[in-house]
Amino acid sequence: MILGLTPLELAAIAGAAFTAGLVRGFSGFGTAMIFLPMAALVLEPAWAIVALIGMDAVGPIPLLRRAARDASRRDLVLLLAAGFTSIPLGVWLLTQISPLT
């Protein structure tokens, strides 16, 4: 068992990640809409979001050089500040709220 998950559960998460990546590759968005409902069947919701953030952080790395050149610095700082403050708060809230609500 890896991370306390059975091979079938790992395969389900890998399938969800592959399907979500395929959708994002064709449409440019939609990763969360595909991955989170499927991953939440296997993982706790907070861990499903952590996995999604990890995937979304690694995927665009090859595009960073060109994006950094073309990005508006002010908008980038605002987006990063919002993300670094709201994501931990949201994950913490998920740990405090009952999964059945």
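Me: Before I look at single residues, what do buried, exposed and partly exposed mean?

Reply: Buried means under 20% relative accessible area, exposed means over 50%, and partly exposed is in between, using a 1.4 Å probe and protein chains only. Take Asp 70: with 55% relative accessibility, it counts as exposed. Across the chain's 101 residues, 13% count as buried.

Me: And what sort of model is this?

Reply: It's a predicted model, where local features need pLDDT of at least 70, side-chain atom pairs count only at pLDDT 80 or more, and totals for chains, interfaces and linings use all residues. Residues are numbered from 1 along each chain as its sequence is written, and side-chain values use heavy atoms, with hydrogens and water left out.

Me: How many helices and strands does the chain have?

Reply: Helices (H or I, at least four residues) and strands (E, at least two) are DSSP runs, numbered from the N terminus. Here you get five helices and zero strands. The C-alpha trace spans about 45 × 30 × 25 Å along its principal axes.

Me: How do I read two helices packed together?

Reply: You describe them by the angle between their axes and the distance between the axes. Axes are lines fitted to C-alpha atoms, for helices over the stretch in contact, and angles run from 0 to 180 degrees between N-to-C directions. Helix α3 (residues 45-58) and helix α5 (residues 73-96) pack at about 155°, with axes 8 Å apart. Angles under 35 degrees count as roughly parallel, over 145 as roughly antiparallel, 65 to 115 as roughly perpendicular and the rest as oblique. So α3 and α5 are roughly antiparallel to each other.

Me: Which residues of α3 and α5 meet?

Reply: With contact meaning heavy atoms within 4.5 Å, Pro 45, Ala 46, Ile 49 and Ile 53 in α3 meet Ile 87, Val 91, Leu 94 and Thr 95 in α5.

Me: What about salt bridges?

Reply: Side chains of opposite charge can pair when their charged atoms come close. The rule asks for a side-chain nitrogen of Lys or Arg within 4 Å of a carboxyl oxygen of Asp or Glu, and the count comes to three. One of them joins Arg 24 and Asp 56, with the closest N and O atoms 2.7 Å apart. Arg 24 lies in helix α1 (residues 7-27) and Asp 56 in helix α3, so this pair ties together parts 32 residues apart in sequence.

Me: Where does Asp 70 come in?

Reply: Asp 70 forms a salt bridge with Arg 69, the closest N and O atoms being 3.7 Å apart. Arg 69 counts as exposed, at 58% relative accessibility.
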